[in-house]
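Subject: Handing over the structure

Dear colleague,

Here is the structure that I promised to pass on to you. Please open it first, and then read the notes below beside it.

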Amino acid sequence: MSFPAGHPVTAAPVTGIRRFVRPPGAQQGAASPLASTGRPLNWAVVATGSIARTVTADLSLLEDSVLHAVSSRSQARAAEFADRFGFAASYFDADGGPSGFEQMFADPAVDVVYIATPHAQHFDVARSALQHGKHVLCEKPLTVNAAEAAELIRIARDRNLFLMEALWTRFLPSANRAWDILASGELGTPSWVQADLGFPAPADPAARIWDPAAGGGALLDLSVYTLTWAVAALGWPDDIKASGLLNEHGVDIQNALTLHYDDGRHAQLTSSLAASGPGTATIACSAGWLRTGGGDLYNPGELHVSGPAGVRVESFDRAGTGYTYQLREVTRCIQQGLTESPAMPLEDTLRTLELLDGVRAQLGLRYANDSHADAATG
Ligand SMILES: NC(=O)c1ccc[n+]([C@@H]2O[C@H](COP(=O)([O-])OP(=O)(O)OC[C@H]3O[C@@H](n4cnc5c(N)ncnc54)[C@H](OP(=O)(O)O)[C@@H]3O)[C@@H](O)[C@H]2O)c1
């Protein structure tokens, strides 16, 4: 440990934390994320599952979004989704012909694609969208491994297209307020982080979350959020130790990550598909602590702050379900000709996936996508 004996209580801005760039509007009381920031964009949505529905409902609230097209593997699901949300066009997999999403990407009216398939399909679908010249917002994690992400980033940069992982927490007013409090020095220096996320997932072998072919498991689904809080408070770790429990299909049911920092700080992160915990992030600092509340740590409605002046609870409203903030950022970036969001840079996505690749090596967790990436890189 290299801590000095006794931390001074200071209100000076602290160093050593990684304050993510705040997207415009990610502040309580800022202009509504629903208000237009430029020319309307034509959106195309890939998949009709659970998150596709929730995010599309938020997308429909933006003044400058046009729900242009949806694609599905099934004609009936594409038609139902288009009808429910008012998409102008729907595409589906043709027997022996091109997939629904490939047909949709050939539509010249599409500006930007939102990908909401299981993890294992993210790479193929996002690559196809980029190769058709479309901007891309892809659900988390961007890909199953870092090699796939690096290839998508290369294509996007070659073609001057926008690409972003849909890590929506980064754009929320509540999360940005937490990171502002930490950076202000009010609570002193962050020393350790504890975060958990999980729920008892029903034992449905057909569900993508349990399916190794879909890139299932707790790590890829949930740990991107616990890591977000650790990296925001402590920066990127110097080392990481992982333990976990895999099921008989080789998917991780639960995992524990300990992030180590050379100066002695640490973070303990748990993700689980077996049990629900409080779903909070706690950041312990030399002059107080901060804990998320009012919902899981990916979308906290409250911050509980204990500092030299006592304990307080800050509460936050959300526009829509809360995806509106990231959708505003994607829209603003594309309207302004940016190819990545300063608040969710591609470098952060790549570093996270490199870190998760290392964790998976420790856990013995491999997916079919890893073999494809190995083959592609020789
Ligand atoms: N940001 C968030 O808060 C959040 C929350 C939950 C999940 N997610 C992420 O969103 C993605 C999708 O999760 P989800 O919970 O929405 O999953 P889901 O309910 O299982 O939906 C996935 C959809 O993908 C399509 N699909 C395409 N190829 C598929 C294949 N080979 N096998 C199965 N489905 C396929 C299906 O739509 P069609 O049948 O119409 O083709 C399916 O309905 C994941 O990346 C996940 O991590 C994000």
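In these notes Ala, Val, Leu, Ile, Met, Phe, Trp, Tyr, Cys and Pro count as nonpolar, Asp, Glu, Lys and Arg as charged, and the others, Gly among them, as polar. With those classes, the shell around the ligand divides into eight nonpolar, eight polar and six charged residues.

Please keep in mind that this is a predicted model, in which local features need pLDDT of at least 70 and side-chain atom pairs count only at pLDDT 80 or more, while totals for chains, interfaces and linings use all residues. Residues are numbered from 1 along each chain as its sequence is written.

The chain is divided into domain 1 (41-168) and domain 2 (173-317), with bounds that come from an automatic or database domain assignment. Taken over C-alpha atoms, the centres of domain 1 and domain 2 are 28 Å apart. Seven residues from domain 1 and seven residues from domain 2 make the contact, where two residues are in contact if their C-beta atoms, placed from the backbone, lie within 7 Å. On the side of domain 1 that touches domain 2, five residues are nonpolar, one is polar and one is charged.

Because domain 1 and domain 2 both give residues to the shell around the ligand, the ligand shell lies between them. Of the 22 residues around the ligand, A47, T48, G49, S50 and S72 come nearest; a residue is near a molecule or strand if its C-beta atom, placed from the backbone, lies within 6 Å of it. Helices α1 (50-59) and α4 (119-131) each supply at least two residues of this shell, and α1 gives the most, with three residues. Helices (H or I, at least four residues) and strands (E, at least two) are DSSP runs, numbered from the N terminus.

The parallel sheet

Six strands form an open sheet in the order β3-β2-β1-β4-β5-β6, with parallel pairing; two strands pair if DSSP finds at least two bridges between them. β3 (89-92) and β6 (163-165) stand at the edges with a single partner strand each, so one side of each is left without a neighbour in the sheet. Strands β1 (residues 41-46) and β2 (residues 65-72) pair in the parallel sense over six bridges, and N42 stands opposite V66 in β2. Helix α4 packs on the sheet, where it touches β1, β4 (112-115) and β5 (135-138), and its direction makes about 160 degrees with that of β5. For such values, axes are lines fitted to C-alpha atoms, for helices over the stretch in contact, and angles run from 0 to 180 degrees between N-to-C directions.

Helix α4 also packs with helix α5 (residues 146-159) at an angle of about 10 degrees, with their axes 10 Å apart. That makes α4 roughly parallel to α5, since angles under 35 degrees count as roughly parallel, over 145 as roughly antiparallel, 65 to 115 as roughly perpendicular and the rest as oblique. In this contact F123, A126, R127, L130 and Q131 of α4 meet E148, L152, I155, A156 and R159 of α5.

The mixed sheet

An open sheet of eight strands has the order β8-β9-β10-β7-β11-β12-β13-β14, with mixed pairing. Its edge strands are β8 (239-246) and β14 (310-315), each of which pairs on one side only. Strands β9 (residues 252-260) and β10 (residues 266-272) run antiparallel and are joined by seven bridges.

With best wishes
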